[in-house]
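User: Please take a close look at one part of this structure, the charged side chains. Then set that part in the context of the whole chain.

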Amino acid sequence: MPNTPTPLAFTHAAAISLGPEIRVNAISPGWIETGSLQKSAHRRAPHHRPIDRTQHAVGRVGAPEDIVAAVRFLAGDQAGFITGHNLIVDGGMTRTMIYAA
């Protein structure tokens, strides 16, 4: 298998190569409910079990708006000193480490 860089390695390398003019960051989303974005013929109300919410430290499954907020933050002036970073937007799921089937 060829030696291919990981997306995070690319983020780090691009941040160093393109800075200081350009900031480069990555977003690693967790479980994001995207059912509302499906074509209307395939759209249905999501059904989340209590354990699905418990897996997340924030007590809910993520929404597309959660990712939009992260993108807006990283693109804004408040993140002007952040580059080469991977922002994990997963509601704390990687910290709770409860993975129900």
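Analyst: Start with Arg44. Arg44 sits in the loop that links β1 and α2. The model is a predicted one. Arg44 has a relative accessible area of 69%. The cut-off for exposed is over 50%, so Arg44 counts as exposed. Its C-alpha lies 24 Å from that of Ala69. In sequence, Arg44 and Ala69 are 25 residues apart.

Now the salt bridges. How many are counted in this model? The count is 2. One of them joins Asp52 to Arg49. The closest N and O atoms of that pair are 2.8 Å apart. The rule asks for a nitrogen of Lys or Arg within 4 Å of a carboxyl oxygen of Asp or Glu, and therefore the 2.8 Å between Arg49 and Asp52 qualifies.

Arg49 is partly exposed, at 33%.

Asp66 is partly exposed, with a relative accessibility of 25%. Arg60 is partly exposed as well, at 39%.

Where does Asp52 sit? Asp52 is part of helix α2, residues 50-54. Besides its salt bridge to Arg49, the Asp52 side chain reaches the backbone nitrogen of Arg49 at 2.7 Å. What else touches Asp52, beyond neighbours within four places in sequence? Trp31, His47 and Val61 are in contact with Asp52.

Helix α1 covers residues 7-18, which makes 12 residues. From its first C-alpha to its last it reaches 16 Å, close to the 16 Å expected at 1.5 Å a residue. Its buried residues are Thr11, Ala14 and Ala15. These cover an arc of only 100° around the axis, so they lie on the same side of α1. On the other side, Phe10, Ile16 and Ser17 are exposed. What covers the buried residues of α1? The cover includes β1, residues 26-29.

Finally, the whole chain. The chain holds 4 helices and 2 strands. Along the sequence, their order is α-β-α-α-β-α. Of the 101 residues, 24% count as buried. The radius of gyration is 17 Å, while a compact globule of 101 residues would have one near 13 Å. Along the principal axes, the C-alpha atoms fill a box of roughly 45 × 35 × 30 Å. Take the contacts between residues at least 6 apart in sequence: 72% of them join residues at least 24 apart.

Conventions:
Residues numbered from 1 in each chain as written. Predicted model: local features only at pLDDT ≥ 70, side-chain atom pairs only at ≥ 80, totals over all residues. Heavy atoms only, no water. Salt bridge = Lys/Arg side-chain N within 4 Å of Asp/Glu carboxyl O. Buried < 20%, exposed > 50% of the residue type's maximum accessible area, 1.4 Å probe, protein only. Polar contact = N/O pair within 3.5 Å; in protein donor to acceptor, adjacent residues only side chain to side chain. Contact = heavy atoms within 4.5 Å. Expected span 1.5 Å × (residues − 1). Arc of directions from axis to C-beta. Rg over C-alpha atoms; globule rule 2.2 N^0.38 Å.
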